Amino acid sequence: MPLDLNVRADITLDTYRRVAWDRETVALGTVAMARVTNARTAFMHLIDSDPNLTIYGVTSGYGQHANKRLTGEARRQHAQRPPRSAAVAFGQPAPERVARGIILARLANFIEGHAAVTPALAEAVAALLSGGPLPKVSIAGQGGAGEILWMAPLIIDLAEAFPLGEKDALSLINGSPTASALIADGAIAMRRRLDLAERIFALSAEAIRAPLEAYDAAFEDLWGDPYEAASLQRLRHLLQGGAVERRPYQAPVSYRILPRVLGQMRRAVAQAEEIAQSSLISVTDNPVFLMPDAQHPAGRVYSNGGYHNARAYPALDNLAAASADLCILAERHCTKLLDGRYSLLPDQLQAADDAYIGIVGFVQVGYAEQARRAAQRTFLPGSEAGGFGQNDVAPLTGLAWRAQEEVGHCLEAAMAMLGAVASQALHMTARAAPPALQPTLETIRAAFPPMTASRVFGPDLQTLSNCFRAEIYGIEEATR
């Protein structure tokens, strides 16, 4: 059964996950279709009753032609033109889940009539989520004002086949559904990576027998931060039932600061989720139609900048930065576990003279540095950078999404390496994992058995990293 959408509030982050990630279908419900129909009728009455009304893209041209007035037959011919010229970006395509998310987010402008599109067109856009794979949309080359470069490739086939009316073509490609989709995608993936990171770091803390006092409940009040408090609680839960005998003195800094660094990741994820949720239901069409009311009996059409989501790319940057910090922390943990002077464990965790695992630290450094390079702040372009006329500012949300996606994959690799080293430490000292971490340890050892003799173990680490990626995205996406 398709998910019925009747109001914008129906497009929740959970709805996004079900439609974009799990490939459920949607349909515009009877309430939504009544509003879309009424809005279209009111909009057409408005533009037909006032010959002096200026509505961008309807009674005027697009972009640099916004100063050109269109009336009569010229207006109708203009409306029938599909947005071919906007379907220009090329390069590596976005994942299918992102394309589906963009189409879902597109419906926020339609569902309560603010785009004033032809009702059959609104239904046709929703139906794109019920068919086969969507057209490919490039990740690269997204430097234009608004999101027309993202939207046009997804809808051009539909636009070519549909009898477009006034405002239809513009409403297909305007707004900021891509930013909504990208921040929602990042928030979902990073929430799952956070769960993974907390388990692997807890396993590392158990491997080094970190004193539990660093995670005591007293710090929830002393630090006064809800995200750090949640991380403290999770670490205590994961470590419950572990070794009774702990280190005789404090663990290295990278272990004692775990609740605070993980707390920052929790904060970044929670903020991304909040921004994603509000973005998914935002009306971002330009121009936007407002239904008739007592003060405006014919309704209103306002030009605006809703298509520029100024919150999504900073939130994606924050996800990347918090994840990069975790990659660096994982490298520090590996270094300390492998060095007997700090871990108080067998040096380099060697089970035999030739069972050497220490070189994994080199690879940890590589992934940590890759993550740090990727996690750079995104700014508005420093020049018009491809803009022309009125189109003088581009939101680079796509770059921010690509960066956090790259850092996220580095984090999966970092967790695979730290998990393998922590597993080896427990193996060398004949200790079990705490009950809450036992399933995670079993997953690690299924892909990366403890080192008992020399072997080529790079492929095992890749297998483990793939297992973790499957936890994040599912089996099909993990093999892309």
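**Entry 1: helix α5.** I looked up what the buried residues of α5 pack against, and found β2 (26-28), α2 (30-49), α4 (96-110), α6 (148-161) and α7 (168-173); contact means heavy atoms within 4.5 Å. The model is predicted, so I noted that local features need pLDDT of at least 70 and side-chain atom pairs pLDDT 80 or more, while totals for chains, interfaces and linings use all residues. Residues are numbered from 1 along each chain, and side-chain values use heavy atoms, without hydrogens and water. In α5 (residues 119-127), I listed P119, L121, A122, A124, V125 and A126 as buried (under 20% relative accessible area, 1.4 Å probe, protein chains only). Helices are DSSP runs of H or I with at least four residues, and strands are E runs of at least two, numbered from the N terminus.

**Entry 2: the nonpolar cores.** I then examined the largest nonpolar core, of 140 residues, in which F201, Y215 and M415 touch the most other members. Such a core is a set of buried Ala, Val, Leu, Ile, Met, Phe, Trp, Tyr and Cys residues joined through side-chain atoms within 4.5 Å. Helix α8 (residues 177-207) gives the most to this core, with 18 residues. Apart from this core lies another, of 11 residues, including F43 and V301.

**Entry 3: α8 and α12.** I found that the axes of α8 and α12 (residues 258-280) come within 8 Å and cross at roughly 155°; axes are lines fitted to C-alpha atoms over the stretch in contact, with angles from 0 to 180 degrees between N-to-C directions. The two helices, α8 and α12, are therefore roughly antiparallel (angles over 145 degrees). Among the residues that meet are I183 and F201 in α8, and L262 and V269 in α12.

How values were computed:
Buried means under 20% relative accessible area, exposed over 50%, partly exposed in between (1.4 Å probe, protein chains only). Angles under 35 degrees count as roughly parallel, over 145 as roughly antiparallel, 65 to 115 as roughly perpendicular and the rest as oblique.
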